[in-house]
Structure formats: structure tokens, C-alpha cells
Amino acid sequence: MRSTLLAATVAALLCAAQAGSAASAAGSSPANAASTTGATPEQRLAQLEADVQLAEDFATIEKLQRAYGYYVDKGMWEDVAALFTDDAVTNYPVGVFIGRDSIRQHLYLNVGGQQMGDIGLGNGRLYDHMNIQPVVHIDAGGSTAHGRWRALAMFGQLGHNAAWAEGVYEMQYRKQGGHWKISRLDYYPGFSAPYKTGWAAPARPGGAAAAASSGRTADASQATPSSAPALPVSRRKLAHPPDQPRDLSCNGFPQACIAPFDYTNPGTTDASRAWITPAATASTPLTPAALRLRAASLEHRVTLLQDAQAIENLQRIYGYYLDRAMWDQAADLFADNATFESGQQGVYVGRRRVRQYLGTLGHHGLTYGWMFDHIQLQPIVDVAPDGRTARARSREFDMTGHLGEPGRWTEGVYENTFVKQGRVWKFKSLHFYPTFITAYDKGWGEDAQPVPGIDQALPPDRPPTQVYAIYPAAQVPPFHYPNPVTDQVAHYPAVGGPTPTLAEAALGKPPAPWQPVPATDVNATLNQAGHGLRRVKDWYEIENLESAYGYYLDKDLWNNLADLFSADGSMELAQRGVYKGRERVRAFLLQVFGRGKEGPIEGRLGNHLQLQPVIDVDPDGQHAKIRIRMLQQMSFGSRASIGAAVYENTAVKEDGRWKLQVDHTYNTLAASYDGGWTRGASRRVPGEDKALPPDAPPTAHFEMFPVVYDIPFHYANPVTGRKQVPAILDGSGAHAMPPDIATALRAIGPVINPPETAKLYAPLQPREPYKDAEVTRDVSYGPDARNQADVYQPATRGSNRPVLVFVPGGGFTGGSKHTDGSPFYDNIGVWAAAHGLVAVIINYRLAPQAQWPAGVEDLTHLVAFLKAHARDYGGDPRHIYLWGHSAGGSHVADYMAHVAAAGQQPQIAGAILMSGAVYDLGTTPSVWKSYYGEDVGQYAARSSLPGLARTTTPLLVLYAELDPPGFAPQTEALLKAREAAGKPVPHVLLAGHSHLSEAFSVGTSDESVSGPVLDFIRGNRGAP
């Protein structure tokens, strides 16, 4: 394929639909739902069935548009053309094409540059088209719809060229023969630009923007930044000429023009509604059996819609966890037997192996100077008819790299499956197909990195399921769904497409016939279905609201933007403080950002892409929480920049319309395009405006990348309920495990080797006398000679401090709180004191002289002693935390199980179990029989697992990647038992750590252990 074809059609396919009217898509009815007062069950059923059909239509329209983007990516012209009505109109930059046959010829001949019937791009060509940021409305009557979408595209040919393009689609859709199709497509260019200069204004007439809109080649080397607008240039001769010329009056940046909106403001008009809920109508009487069956079917259809939205949230949450290197939280989203496959790295089987793989990506918890953004886009979710499994195709766009090193772009496609277990959706399989990987400083025209292969340090459980190469090679991940219009298998290209067998396998087996169990209480079922349907609609309307916010912000439409806020709404961004009330928000936008004016300015670009919303609507349907990402593309003349932020917003329903109540922006990146995030970032945040002071100071203080900081999540982990997050490191970059120690620990391996492990950590620990702690040795807490403890108080005296008790291991037969000449386990006591805790490190009776339940008895004595005497050492007897390691972890577990079995109130505020030796003794003689005995008939009563599953005491569970065999299964059994009991616990698999290093590292710069422990204590400070 000739290299000039790519540049010649740089924006030839980008498109949008110009609305025939600016009237509200939701119609003029002010009512959110028609009244059902006095309606018969048949009437209520008929109305809800019509309403749920509209909700399903809305989901189908989004799928249609997103499928369009995926087909265009790969040059699958036959499937693209099939998405249009016979009389469709497309306004492409090169001209207007009328009718599906003309559109089809344009795709093959002008865009593909091939003969009719030649599907695909061939090797060497990149043509990614992201279809994102939807604002969709179904028209009154339910047979037509329209929507605004954003296109973000990347074009290129290795060794020749690379370009960006961005713009707005304005779409119209029509329902024909039961299928939604595209009836009109209009594209309004935002910008087109060579990769080398980015979205800075082109240098002179005939620059990249003009070339992209004209369809002719623009030489990237000649496009130097300038504020001069691009002028019209001559068009190339097309193999298939357009049916009409295109109106170029709004030809995109650097012009100051606005693509016409197909909707009025959602904050002030009925455009707030995604569709009009149909009024109740007369209905045919039904037999009781038919009524019960249809009511149950209706409720199930609503559940499937809710399931699809939950899965979209789940995929996006996974991306947010990756952003912050939250490996534990990310792994928790997977089912026990889930599989994970990325590129050519092979398949990892089981949640524990997923966690191990994630640990190879870097430190657990984001660190200073590490950019790891994984933007989740363009989801297509298909839930199985029985609602138990689902499939989804989605897109990921990555911005990664370390400060001072080359940054990297990665883009690719997921084909994932999901399973519903206990009403909770989880990943069943994750399969990521990278499309391209390229260095930021070169771009995809100069650099194409190979697909990642097998990691020899952590070999997979299975080889890759497919063997392929990525860009510049053509590669099409098989689609899990048929064409949404034809219902046929996609027309795959011969070059890069999957084999017919693989394509058929990707579709899966046809779903088995499924019918719900008839409802027993029709009215209750209809009430439940109606409530769920309203939440589905709320979700879509909030998605529209957030997308509209970005489109108004793009064009400095400050009044439109302010109208999206509730009367008491507030805005906080970039350390400027909090502006309270819609009119104060309006004044802030107009005066601070607009300098008294609104509307786009020639030569200035201010794109604010709103991406990856996680939407949680309260059951009352009046409030919602939203986490959403912003990707910013800005240009002031020759200065182009890239920015990023995360919003944690609150929406409220005011007068029946969803509006923003809290708009809180956490800015994360502001960097020059020349240099990018790893070489051109500025940490400075603007701060308060003196001319218009805020109503309140910022609620959080931060700096931007390379600094990283905690951004609160409004949601807990959707699978486990866990809220704890790994500690964000303070900026030195030295808080991860040092590389030399990591290498040495892997060389030692999964064994308990005290001498070699101590050699690694002893030089890093302080020695007596300690400046941060005052130590009282050998305090007696019980009747036995070994009931002794060392107490560590902060050097600065205080009172009511949390008390942290460390119970060391030693295989039940050995171990000591302190050994002369060794820093262990003083290191834990000194660390705790330095962080404002009172620490207690203990000895206890040893086996075989002291057998079960000696540990329970010793800890009972200890807790009673601390209840009586903690205040003598500045501690708070209401806030005692037991931290047990190895055999010590088993003693703490046994103590908690004993308290739970006795039905007693917890005497401690929380417990940390770290690599506990045993929680379930099993049915054969235990390796720990010196303490638990050899009578297997007593093991069930002596196992702590049942009690740990019942206890109400807060728990944190830690275990090491390099624990010896046998330890991890005990921890995993505990986690599974808690999850089955509906009481999942926060847990951390300590990547790279061994059974001893996890304790020896406490007090060093490696905070992978101490950080979660400290967060746990602080997070449960209020526990009784």
C-alpha cells in the first residue's frame, strides 16, 4: 500500500451528524415519568415495557457508534457500511456522500485506497479512531435518535508519517426493521496535526490542519507552529468523487468556530432527559399466569441493563486502580479461577497469579515521578440472557513512564469476560491486545515497539492463546459480537484477521433458551423493575451531563457550563479554592477564565476530553457520585500542552434534572507537548485568584506530576468492599524496595533464611540508643517467666496513642522479641514510636512445653494488662491492635477466634495477620503438631478459620510473594472464607518480599509493609 494514502486521507473518515434541529432530544414534556396512579397492573406493565425498550435502544445506539469506531480502526469497510441506512448522508471532510452504496465506495476506494471488496488496512498502517464522550438522546416516538460524540484519532505509517486528529461527530440514528442504524453523519474538525508538533497552530497556509480537512498529504516537517489560520487548499482527485461538496465554514482549529449542538442545555431544558418515558395507555387484559411471567421478564430485562452498567463501571475501576499501582485492589476484581493475558506474555491462572503478575509492573502504590495512566474507553458490553456471564470489548489508551526517562504511548483493545457471583460482577478472563506501543519522543511514525513477550522471571501458567505481532503489522482482535445491524460475523481482513475458527470461537456458543420464574407478587415486581429502570436512566443522563460539561468547556461557553450546576453547586479546581453557588461558579468562570468574555478564540485550543466515568446513583435516585477523567489538549499559538485530571463529583436531581452539585478537580498533569509528562511537566498549580477570591480555601492541597498524591475514591472496591489504598510516597522515590535487595531476596527464594535476610536489612536499621523511641524492657504482663514485653514510647510524650502489639513468629517453638546485637524486632517498635504509636513487642510461652491454647491464654493476659496499664505508657486502652507474624499470626488468629466463639465483645480495635502459619489445621497431622498436637479429631475445634470468618474485629491480612509453600494457601483460605461470609477483608500480597523480609523491612525506606499497617490503624482509629 502506498505511503501517501494514509496522509492523503488523514481525516477522510472522521465524521459527525449535524442535527436538523436544536430542539431538545427528550421532547418537551416536563414530566420524568407518566403518572401511574390508578393504573391497572396491565397498564403499568405495558408502560414499563415501553420504557425498558427505550433503555435497551439507548444501549444499542451507544453500541452502534462504538462498533463503528472499532470497525474503522481495522479498515473493515463492509461492516462499517452495513451500519448505515440505505438513504444515509455522510458529511466527511472530503465531501458529502449520499446513500449506503456511495458511502461504501468511498470507504473502499478513497479511505482504504483499494479495490472494492479489499477489506483491511494491510501491514504498516495505523488508523485508530476512538469514539468517546457521548451525549445521546432518543426522540419522542422512539424511532429516531441523535447524539454528539468526540473523535480522537491516530494515523500513521512507520518510517513515513504520524498525525493526530480530533473533532466532533453529530449523529442521527433511525430504527428500521428492529435495528438501529446511522441515518446521518456529520464531522466537524477540531484539529488535525502532525505528531511532531502536536496540536499547536500550523505554521502557514496549507499546513497540517488544512491538509487533513482537504484529504491531501501534509508534510509534517513543514508544519511549524504558528498562530496563522489554515487556508483552503486544492483537493486531490478522489477515486470515488463525493455527491456534493462539503461546507467548510467551520473547519476547526485554529479557526474560532463551534460545531452546532444537536441538544439544548441539559441543565435548563428537557435535554436533561435521555428519552421521554411513555404515557400509560390502554392495554389488553392478561391471564394471571401471563401477567406473572411478563412481569418477571420485565424485571429481568432491567437487571440486564443494570448489569451492563455495573460491568462498565468495573472495567473503568480496574483502569483507575492500575493508574495508582493498586495491585491488591485490581487483583481483587478477579474471580478465583480467572485468567489474565496481555500481549504475548502468556496466561496467568487464578487471582493470586494475577496479583503476582501485576506486581511485576512496579512498586505497589504509585511513586514520585511515575506516570501510569490507563485510560479506559469505548465499552461494548453484552450480558448473557441468563444474566450470569458477560462479554465486553473496550479500549485502553496508556500514558506511562518515569521522570527523566522516555515516556510511552500504548493503545489496545480488551476482549474480556465476566461472571456474576453472589450478585457481584467479577473478571472471569482479561485479554488485552496491544495495537501499538511507541516512545513519546518519537511517535508512531518513527517508533514501533514489539508486543511484550513472556516474562522469564514470572513464567505464565499457559502459553499465549494466539500468536501475533502488533503495529506495524496488521492485527485484528476477534470480536465477541456480530455486526449490530446484520447480526452476521464480521468481515475480517485477510491480512491480520483471525482465522475463521478463532472468529467463530470468539462469538461463543449461542445462548441457551432462558425464561424467568414467574413473579409471585406482580405489583412488588413491577415496583422493583420501575425503581431499577429509573436508576438505569439516571446513569445515562449523568453520563450525558458529564460529557456536555466537557463540550462546553472546550469552547469557553461559560454560561452554558454554569447552567449545568445546581443552585447550591460548587466548583473547586487547581488549588483556586471553592466557589459556592451556581452564580458564584458563573462569575468565577466568566471573570477568571473568560476575562469577561466567552466563546472560542482564534488560534487557541482548549479541549477537555471527559473520559472513563464511574457512576454510582444512590438508591433514592436524587444523588449520585461520579469519578471521571479529563485529558486536556491545549494550544496558545506555538505553545501546545497536555494535561490530565481526575474529578470526584457529586450530582443532584433538581427539579427533575440532574445537575452538578460538587465539581472537584484533582489536577495531576500539566506538561508541554514538547517533552511530555516525563520531560516537560510542571508541578506548579495556579492557586487562588486575587481578583475574585474564593468562598473557601482549597479542601485539599497538592502539586502535580512528578509529585503524586492521594486522590480519594468515592467508592469501595466493588468486589471486596475494601477501601484501603497503598500509601502514596512523598516524593523522594526511595520508598520502594531497593533493587539490590529485591534481587537478593529472589536469589534466596521462598525459604526462611534468617542469616542471609538479616544481612540485607540489619545495616539499614538504627541501633541503640534510639532517638525516636524510649524503650522499657522486660515488662511482665502475665504469670509465666516468658510473659514479658518491651514497650516503645514516642520520644515526645503524649497520651491516648494507639497501642500496636507485635507478636513475632518462630515456628511455635522459638523466637524472641529482642536479641542483643540485633535490630530485630526493635525495628518495629522504633518505627511505631516514630509514627506516634505506643509499641509493645512480646515473648510468649513456647511449644512443646506449652501447647494449644497457651497462645490464647498469653494474649488474654496481655490484653488485660494493656487495658489496665496502657495509659501508664501514654497509650489508649480503647485502641489496641494485635499484629502477628507467622506463628505469632496464628496466636493472634486463635485469640480472635476464641473471643468470637465465646460471643464476647472485642477487646481490641483491630488485628493484622501477616503470613500466619495456620488458620485451618485440616484433617491430617499438622506440620505444627508440636503446638496443636497430633489428635486430628481436635483440629476442627482448634482451627481459627471459622472464628475469623465470624469476628467483627477489623482485620488487615498481609502475606509475602516469597513465603514458603504452605503459607499462601492458608491466607487464601482465610480470604475466601471471609468473602463467602460477606465480610471481605483488606489484604496485601507483598510483591518481592519473603517470609522474613516483610518484618525486617519495617523502619526502612521500603514502606510496602509499614504503609498499609499505618493506614489500617489510622483508618480504624475510631473503632471501640
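Reader: Which residue lies over the face of Tyr188, and at what distance from the ring centre?

Author: Arg246 takes that position, at 5.6 Å from the ring centre of Tyr188. A charge sits over a ring if NZ of Lys or CZ of Arg is within 6 Å of the ring centre and within 35 degrees of the ring normal. Arg393 is placed over the face of Tyr70 in this way, 5.2 Å from the ring centre. Please note that this is a predicted model, in which local features need pLDDT of at least 70 and side-chain atom pairs count only at pLDDT 80 or more, while totals for chains, interfaces and linings use all residues. Residues are numbered from 1 along each chain as its sequence is written, and side-chain values use heavy atoms, with hydrogens and water left out.

Reader: How many aromatic pairs does a search of the whole structure find?

Author: A pair of aromatic rings is described by the distance of the centres and the angle of the planes. Rings of Phe, Tyr and Trp (its six-membered ring) pair if their centres lie within 6.5 Å; planes under 30 degrees apart count as stacked, over 60 as edge-to-face and the rest as tilted. The search of the whole structure finds 61 such pairs. One of them is stacked: Phe824 and Phe1000, at 3.9 Å centre to centre with 10° between the planes. Phe824 belongs to the loop between β21 (801-807) and α16 (826-834), whereas Phe1000 is in helix α23 (residues 997-1000), so the pair ties together parts 176 residues apart in sequence. Helices (H or I, at least four residues) and strands (E, at least two) are DSSP runs, numbered from the N terminus. Ring pairs also link a cluster that includes Trp164, Phe191, Tyr195, Trp409 and Trp677.

Reader: Are Phe824 and Phe1000 buried or exposed?

Author: Buried means under 20% relative accessible area, exposed over 50%, and partly exposed in between (1.4 Å probe, protein chains only). Both Phe824 and Phe1000 are buried. Gly113, in the loop between α4 (100-111) and β3 (125-138), counts as partly exposed because its relative accessibility is 29%.

Reader: At what angle do helix α17 and helix α18 pack?

Author: Two packed helices are described by the angle between their axes and the distance between the axes. Axes are lines fitted to C-alpha atoms, for helices over the stretch in contact, and angles run from 0 to 180 degrees between N-to-C directions. Helix α17 (residues 854-869) packs against helix α18 (residues 887-901) at about 80°, with the axes 8 Å apart. The two helices are therefore roughly perpendicular; angles under 35 degrees count as roughly parallel, over 145 as roughly antiparallel, 65 to 115 as roughly perpendicular and the rest as oblique.

Reader: Which residues of α17 meet which residues of α18?

Author: With contact meaning heavy atoms within 4.5 Å, Gly855, Val856, Leu859, Thr860 and Val863 in α17 meet His891, Val892, Asp894, Tyr895 and His898 in α18.

Reader: What backbone feature joins Phe824 and Tyr825?

Author: A cis peptide bond, with omega about 5°, joins these two residues. Tyr825 is in the loop between β21 and α16. Phe705 and Pro706 are also joined by a cis peptide bond, with omega about 20°.

Reader: Where does Ser886 lie, and what is its phi?

Author: Ser886 is in the loop between β23 (875-885) and α18. Its phi is positive, about 60°, although Ser886 is not a glycine. Ser886 is buried, having a relative accessible area of 7%. Gln575 likewise has a positive phi, near 65°, and counts as buried at 12% relative accessibility.
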